[in-house]
Amino acid sequence: MATNLIPALDPAPIPGPVWLFHLLWVVTFLLHMLFVNVVLGGSILAALAGNGRRELQSFFVNANSWAISFAITFGIAPLLFVQVLYGRFFYTATILVAGAWLGMLGFLMVGYYLNYVAKFRLQKGQSAGLAVPLSALCFLIIAATQVMVNLLHLQPSRWEGVWTQAKSALADPTFVPRFLHFLLAALAMAGALAAYVAVRRSKTQGQTAELAEMARFGVKAALYTTVVQLLVGFWLLLALPSPVLSGLMKGGAATTLPLGLGILAGIGLLVVLAGIRDPLAEGTKVRRAMEFLVGAIVLMIITRHQLREVYLAEWKPLEGAQVAPQWGIFLVFLVTFVIGVALTVYAMVKAATDKPQAGEPAA
């Protein structure tokens, strides 16, 4: 048993009520994941669209040119809150797979620049070539690394085995369904976004053939991945260790309600998507699909966080921790965070409504 690998509790007191940090983690991680889903799902759908659907490929590549930056920026806050709540577990896991964890930065930079290579080539009327599929591959590797580290930090009993044999970090029976669960959600999000944007653009540009193709492709991508997602979701649930699944179910309404509502939101999403025949003419249904999808992501993030508490319950992550609120620092964070979110929303709306002059590229 590798209990001696768990670092001692940080002697510095927690700078606020514990419940507040749990809440802040859920909120900030949600924002981070919305952009991550666009990046991961968009890069893969751009690769699948290929040169035959140039307009669609350009949409995903252009979206990623800002979504990657926002995904990175909005990833900082939840990482800091993880440090407060589970730092000695999370950082130990990253050290055990340090090569993969640090290598993730390399894949991130390569994937980011390849997306810009694709963007500039498409703007010049050239084929994006291998830049798009290679960029998607980089983000897939990053996603797999994140899932691996997340599972490892939940299970200190596996650390000694990973320390002696690093490749055993991938041996968790929930790794594959958890990775697929993550990946399919990203594909559904990117597909629904493409359909939603196509509907919005058709109101000002008319129902062009390109927008109709973009909307149909997005709806199909979201529909097919959601069908598989429902199966993978139950696979993931049944693959959980028995004590963890039992602990989640014994949590009462606090844990079963978000899980149940999340499943219902997924079913609702499936029903709405299956009923769309002409996306541009059924904009309300496309918007409803986006609402179900975002709702499902919110509920699954809550369940994910509760599952972490069940996994780590026996290790008592914050037992003995002192709390000394620092409300001044918290206020600075809150103001900065709200301003950052407001500026992000403003920039996205500005880009979506941008009307460039003749010969001038869109924002």
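The crossing of H2 and H8 is right-handed, a crossing being called right-handed if the near helix is turned clockwise from the far one by less than a right angle, and left-handed if anticlockwise. The model is a predicted one, in which local features need pLDDT of at least 70 and side-chain atom pairs count only at pLDDT 80 or more, whereas totals for chains, interfaces and linings use all residues. Residues are numbered from 1 along each chain as its sequence is written, and side-chain values use heavy atoms, with hydrogens and water left out.

The axes of H2 and helix H8 (residues 209-239) come within 9 Å and cross at roughly 65°. Here helices are DSSP runs (H or I, at least four residues) numbered from the N terminus, and axes are lines fitted to C-alpha atoms over the stretch in contact, with angles from 0 to 180 degrees between N-to-C directions. Contact, meaning heavy atoms within 4.5 Å, joins Glu55, Leu56, Phe59 and Phe60 of H2 to Glu210, Met214 and Phe217 of H8. These residues divide into 5 nonpolar, no polar and 2 charged, where Ala, Val, Leu, Ile, Met, Phe, Trp, Tyr, Cys and Pro count as nonpolar, Asp, Glu, Lys and Arg as charged, and the others, Gly among them, as polar.

H2 also meets helix H7 (residues 175-205), the two axes coming within 11 Å and crossing at roughly 110°; H2 and H7 are therefore roughly perpendicular to each other, a term that covers angles of 65 to 115 degrees. In this contact Leu56, Phe59 and Phe60 of H2 face Ala190, Leu193, Ala194, Val197 and Arg201 of H7, giving 7 nonpolar, no polar and 1 charged residues.

For helix H3 (residues 76-96) and helix H5 (residues 131-154), the axes come within 8 Å and cross at roughly 125°, which makes H3 oblique to H5. The crossing of H3 and H5 is right-handed. Phe89, Phe90, Ala93, Thr94 and Leu96 of H3 make the contact with Val149, Leu152 and His153 of H5, and by class these are 6 nonpolar, 2 polar and no charged residues.

The structure holds 1 cavity of 30 Å³ or more, a cavity being a set of points on a 1 Å grid over the protein atoms alone where a 1.4 Å probe fits but cannot get out, with lining residues having an atom within 4 Å of a point. The lining of the largest cavity consists of Ser43, Ala46, Val61, Asn64, Asn115, Val132 and Ser135, with helix H1 (18-49), helix H2 (54-73) and H5 each giving two or more residues.

Definitions and conventions
Parallel < 35°, antiparallel > 145°, perpendicular 65-115°, else oblique. 1 Å grid on protein atoms, 1.4 Å probe; cavity = no way out; pocket = protein on both sides within 12 Å on 5 of 7 lines; lining within 4 Å. Points joined across faces, edges and corners; volume = space filled by probe spheres on them.
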